[in-house]
2 protein chains.
Amino acid sequence: MTGGSPPIETSRLRTDIDATAAFGAVDADEGRGRTVLTGSPANGRARDRLVERLEDANMSVRVDAVGNIAGRWTPPGSDPDAAPIAVGSHLDSVPRGGIFDGVLGVYAGVETVRALQEAGRYPDRPVHVVSFTEEEGTRFADGLLGSSVAAGHRSVEDALALTDDDGVTLADALDDIGYRGEGRLDAADWDAWLELHVEQATRLERAGAPVGVVTTIAGVTHGEVTVTGDANHAGSTPMTERTDALTTASELVLAVEDAASADDASDTLVGTVGHLDISPGAVNVIPGEVELSLDVRDISADGIEGVVETLTQELSRLEAERGVTTALVREFDQAPTDMSPRLRESVHAAGDRVGVETLDLHSGAFHDTMSIADVTDAALLFAPSRDGISHSPREWTDWEDCATATAVLAEAVASIGGA
Amino acid sequence: MTGGSPPIETSRLRTDIDATAAFGAVDADEGRGRTVLTGSPANGRARDRLVERLEDANMSVRVDAVGNIAGRWTPPGSDPDAAPIAVGSHLDSVPRGGIFDGVLGVYAGVETVRALQEAGRYPDRPVHVVSFTEEEGTRFADGLLGSSVAAGHRSVEDALALTDDDGVTLADALDDIGYRGEGRLDAADWDAWLELHVEQATRLERAGAPVGVVTTIAGVTHGEVTVTGDANHAGSTPMTERTDALTTASELVLAVEDAASADDASDTLVGTVGHLDISPGAVNVIPGEVELSLDVRDISADGIEGVVETLTQELSRLEAERGVTTALVREFDQAPTDMSPRLRESVHAAGDRVGVETLDLHSGAFHDTMSIADVTDAALLFAPSRDGISHSPREWTDWEDCATATAVLAEAVASIGGA
């Protein structure tokens, strides 16, 4: 090792995140929020600023056909043809999301390169800083859009043809902001991928640990249950003659909660109904149809299947007891994803070298790393989230914690590159 | 009595309802539906057609300041200054409502006048045929809009200033269709009010009785419950750290059902949650806030209060057990309304005279008659609803049943008027 620990500058990293927070900023009673959907002017400005910072750090910038951005640094003395180390995350947000989710990981990557350059610690291979298109899946897809193309899970053509609720294609949305490039960033070419992200949970805060090292990203099943009863007049229909889709749906919401909270369920198992679409939805009409969203996650596929199985049994029971008809459609299944043992070890060792405690934990949320781990070694680092809050203007990670986690990231990148 | 039973013409009544069904007609897989909101072009055309039919029956037509329409017939030999007998209902519908709800009562009134004229049975006082503005309350208010003005419950000025979701006033909406008249139709001037309506329940169908005579219109409480929890990430928030507004709301939906269905509850008690407004309402976010609509009805005020009291206790329990905060706002309370014994007796006697069985029952739905009964003697007649379905394109009442109930109505009007 030469040059000592990479000199992470908290103020520089903070300026990057602060400046990015201004794009798509929303009013909030508490905290700071932003809405940055793919292809929006705010998304364009956030991308423009990143490109400027990458170029400031003497990186060459490439934009691929689905808008993934990669800044490429070839360290002095490195082999330019060696498989690169890639770091990064995403710049898009959910509606009224927080200012750290994704942005921290992208600029931790930029700061890593800047710090390694300043410390004269040159990895033996190129380092790429990447921002993937639409991790959140709020406008065009279910999430992990850009990284799924980079991992080869989805073709460029299929991705560009995706449409939003107004029928606008991803291709046109990227054209709107000038970020429809060429070719395909291929993660299979990388030697390693590392992403730093906010934890969005409270385990680090509770343990008093500044950095988490993810063991497994939980798998997820998204589904939709449709319950069909009889819409009828709320005043003139006796209780005994009702087939109420909403009372049935309410039993299902509680069944999902019960199944995920059962005494014999894993602590990593979670189940959520985030939305009901109720028809006709009038105060004086018994609901005739309800569509119910389902989100079940665990680090074990068996845990997810257990909830789906319980729910399926509940649907049968409710059809028999309440006279409704029901249908369950599984819309999206992602298996649990283990992180690379080699890279996890590198991150723990990096923490030891910079004097920072690192804690093993799982990720309940999915991240672009989930896509990339299918095609190369991947690691996911967490920084603490205050009160575990995310996807909200109240999302917060202390600036010192941002810098500490970035220091571990930079040290890990250096060591993986033999510097 | 002279002239025998009023000669109700089924085909004429059917033509009136059929023609009105064309205004605002909607596509439906089954049945025939219509959407006729106050002030819409469809509402204007339905009103225009009614005015033509009233004038065809030699009635003078008045439109008051809130758009209530009254056709006035002064029978030969009657005292034009005597307190009139009024009959009618409403022409507006809920979105995708049925073709009989309201329309039957208005045209049964027109047919009553036509039949009495043809039979030469002249009541000793004027007969008014009335169509009230916005009974359903779908665009401007909670319902009973025109009749509440006619009963003096709401001033003309307050009514005209009501706005829809887009900020359009009732005054402007009535101007749009040319139905903002002058003055105020005053139901306190009437000797009697009779309304024929579809039952919207199955008691007549089950009993095989063609006509119902309402004893009491159930009272109603409309309320809104707000449940506030913590919106958070559905993947990264363990089950033990959630404050989920939707699981709480689901318990409340089931508590309302339980309270209204309890073994010791009256058969006339009903409780409904027709709508939930879930925020943020995304598949991968734990709901942070839910607004829940409440509709509770009974012929006894105590029955309604019992459900509200049970719900209030549940809110306290859920605040303690789930850590949410809750608020219950009672938005609308209407006490149960007894019908006039004198008019009920007249309707039963009319049924006997025309050879039609009449059945005492209560009304779970509210109707304009609820307003009018506060200021004069009022009666409400029901015709059978197939399968009890209403507020739906599948609403249906056989044409013969429409005519039979109209015959009882006409005979009752004649007898109340001493003809």
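**Salt bridges and the chain interface**

Guide: Let us start with one residue: Arg353(A) is partly exposed, with a relative accessible area of 37%. Partly exposed here lies between buried, under 20% relative accessible area, and exposed, over 50% (1.4 Å probe, protein chains only). The model is predicted, so local features need pLDDT of at least 70 and side-chain atom pairs count only at pLDDT 80 or more, while totals for chains, interfaces and linings use all residues. Residues are numbered from 1 along each chain as its sequence is written, chains are lettered from A in the order in which they are written, and side-chain values use heavy atoms, with hydrogens and water left out.

Visitor: Which residue forms a salt bridge with Arg353(A)?

Guide: Glu411(A) does, with the closest N and O atoms 2.8 Å apart. A salt bridge is a side-chain nitrogen of Lys or Arg within 4 Å of a carboxyl oxygen of Asp or Glu. This pair links distant parts of the chain, 58 residues apart: Glu411(A) lies in helix α12 (residues 399-416) of chain A and Arg353(A) in helix α10 (residues 341-354) of chain A. Helices (H or I, at least four residues) and strands (E, at least two) are DSSP runs, numbered from the N terminus.

Visitor: And Glu411(A), buried or exposed?

Guide: Glu411(A) counts as buried, at 1% relative accessibility.

Visitor: What about Arg330(B) and Glu305(B)?

Guide: Their side chains meet in a salt bridge (2.8 Å, N to O). That pair also links distant parts of the chain, with Arg330(B) in strand β15 (residues 325-334) and Glu305(B) in helix α9 (residues 301-322) of chain B, 25 residues apart. Arg330(B) counts as partly exposed at 32% relative accessibility, and Glu305(B) is partly exposed as well, at 38%.

Visitor: Which residues do salt bridges that share partners join into one network?

Guide: Arg12(A), Asp16(A), Arg49(A), Glu111(A), Arg114(A) and Glu118(A) are joined in this way. Over all chains, the structure holds 57 salt bridges.

Visitor: How many residues of chain A are in contact with chain B?

Guide: 54 residues of chain A are in contact with 54 residues of chain B, where contact means heavy atoms within 4.5 Å. The area buried between the two chains is about 4400 Å², and carbon and sulfur atoms give 56% of that area. Buried area is the accessible area (1.4 Å probe) that two parts lose on being put together, summed over both.

Visitor: Which residues of chain A lose the most area to chain B?

Guide: His233(A), Met239(A) and Val283(A) do, together giving 14% of what that side buries.

Visitor: How many salt bridges are there across the interface?

Guide: The rule finds 5 salt bridges between chain A and chain B. One of the pairs that meet in a salt bridge is Glu257(A) with Arg322(B), at 2.7 Å, N to O. The largest share of the side of chain A that touches chain B comes from α8(A), with 9 residues.
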